[in-house]
Amino acid sequence: MFGTVNHSLVLVVATAVVVAVSACTDLDGFDERSNVGPDQLAFDDGSGSAGSTTTTAGPEPSNTTTVPPPIPLGSPDEPFVDLPDAAAARAVITPTGVVLPVLGEQADSFTVLTACENIRYVNRSAVEPIGRAHVVLDPGHGGTEVGAVGPAGTVEKEVNLAVATEAAARLEQLGATVVLTRSTDHNVTTGTRGLLAKSIDPALFVSVHHNGGAPRSNDGPGTIVFTKDDSGESTRFGGLFHDRLGAALESVTERERKAHAAYITALDAHQAAVAEYDRSVQARDAALVANGQLPADATTIPAPPPQAADGFRYPSERNPSPTTTSPPPPPPTDPDGSPGTNPDGSPLPTPTTVAVPDTLPVPPPFDSIPVREFLFAGGPNGGVRSWVRADGKDYLSVLRHSGDVPGVLTEFLYVTNPSEEQLLMDPAFVSAEAEALAGAIVDYFSSTTNTGGGFVDDQFDDQPIGGGGLPSQCVEPDLGV
Ligand SMILES: [Zn+2]
């Protein structure tokens, strides 16, 4: 996961980052502000870095303009090839697992940007440097920012982390070097996330999210893949990912719809059996009345209709035992016991007895677990698209601050949609999402000519999504240094 350490090669990161952080005065389009001001960026005094581990003066601003070569893409046989300029320390991981971008380095320390966009010096001996990587994955939200929450309590930040962590493991098995912007549950601003990606300078950056809100039901997945504007590579990955996730969802949707259909079939069969039972009870009661064994005005007592947990009302069930029985009246006879005759001497009609069944087959109770109809949620804005501000820059902070790194922010599914939340509560489905993400990344690195699909050209016209990720809302994680 981490590149080889070579402390002597880190010269250019500070300069590159100064430019990026200067833009943090408008990180997210949500009137946010960075904790990092111009003075701090000049490394005058390191203020704003509470708990700094060293008061050593900062590095001399470097004028080095060396630009590391881009990471070459591979082939289907070998998607992840050797990383150029892999040794430079571009980020550090602290003893508590927090990954921070390196702004500069000194003889015995690194200057880092913290999770909440403060500048801090950390001793080299206290942290592990991270070099270049093929991929940076960004599990959205974390810590006090939970993201979207589903009706059954599913929390977006946890699903995001699970998907990104598993996708990273799958990619590493295939030879990729992957860095996660967070691997535990803590806050990170969108500015630090984007800057971390820019510092690592991977070939691909993917921010993993699941959507919220109360969208209407949709014919298909409402997945949105926000690509960087004017970035062909971002768009190419967006299309590949859209197709991979779509294929995964197709099979899952088919499974869910079959399960629902089987449940409805079983429910229909049960209702038919109960209706048949009702008819049998009525026929038996009519026979008892005809035989004089039951008064004509006797009724059976219907049982109260039970109601299933999912809201289905089961048919009424009748009491299977007749409430009243009477001995059959004796057949008419003459006083001498012989069959009677009519006044004209003709024999009385032979009394008949209607057959009454001894037992009625009571249908078994309906105990199938309810399976709701599977419904996707979405809006008119699903698909692969960019989202651009009036000034022409990407709307989403995390993309804007990752510089020229090809990248996307994916809203996989709606956590707030009960059907989709049920999927997300299933670890097997979370694995399917991770597999789709890893598969699309492999496609991307394999130099495939397939561009994928799902592209949407029209203007994104949804309401601004949620804010969050701001320095003012950020709680610094314990760095353990
Ligand atoms: Zn999110």
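**Exercise 1.** In this predicted model, determine with which handedness helix H3 passes helix H8, and how the two helices are oriented to each other.

*Solution.* Begin with the handedness: the crossing in which H3 passes H8 is right-handed. Next, take the geometry of the axes, for H3 (residues 156–173) and H8 (residues 427–445) come within 8 Å of each other along their axes and cross at roughly 50 degrees. Angles from 65 to 115 degrees count as roughly perpendicular and those under 35 as roughly parallel, and H3 and H8 are therefore oblique to each other.

**Exercise 2.** Find which residues of H3 and H8 meet, and sort the contact by class.

*Solution.* On the side of H3, the residues include Val159, Ala162, Val163 and Leu171, while those in H8 include Val430, Ala434, Leu437 and Ile441. Glu166 and Arg170 in H3 also belong to this contact, as do Glu433 and Glu435 in H8. Sorted by class, the contact of H3 with H8 has 10 nonpolar, 1 polar and 4 charged residues.

**Exercise 3.** Work out which strands stand at the edges of the open sheet of 6 strands, and which helices pack against the strands.

*Solution.* Write down the order first, which is E7-E6-E8-E15-E10-E14, with mixed pairing. Strand E7 (178–180) and strand E14 (383–386) each have a single partner strand, so they stand at the edges, with one side of each left without a neighbour in the sheet. From one strand to the next, the twist averages 20 degrees. Turning to the helices, H3 lies across E6, E7 and E8, and runs at about 145 degrees to E8. Helix H4 (residues 190–200) packs on the sheet as well, where H4 touches E6, E7, E8 and E15.

Notes. Residues numbered from 1 in each chain as written. Predicted model: local features only at pLDDT ≥ 70, side-chain atom pairs only at ≥ 80, totals over all residues. Axes fitted to C-alpha atoms, helices over the stretch in contact; angles between N-to-C directions. Helix = DSSP H or I, 4+ residues; strand = E, 2+ residues; numbered from the N terminus. Parallel < 35°, antiparallel > 145°, perpendicular 65-115°, else oblique. Left-handed = near helix turned anticlockwise from the far one by under 90°. Contact = placed C-beta atoms within 7 Å. Nonpolar A, V, L, I, M, F, W, Y, C, P; charged D, E, K, R; others polar. Pairing = 2+ DSSP bridges.
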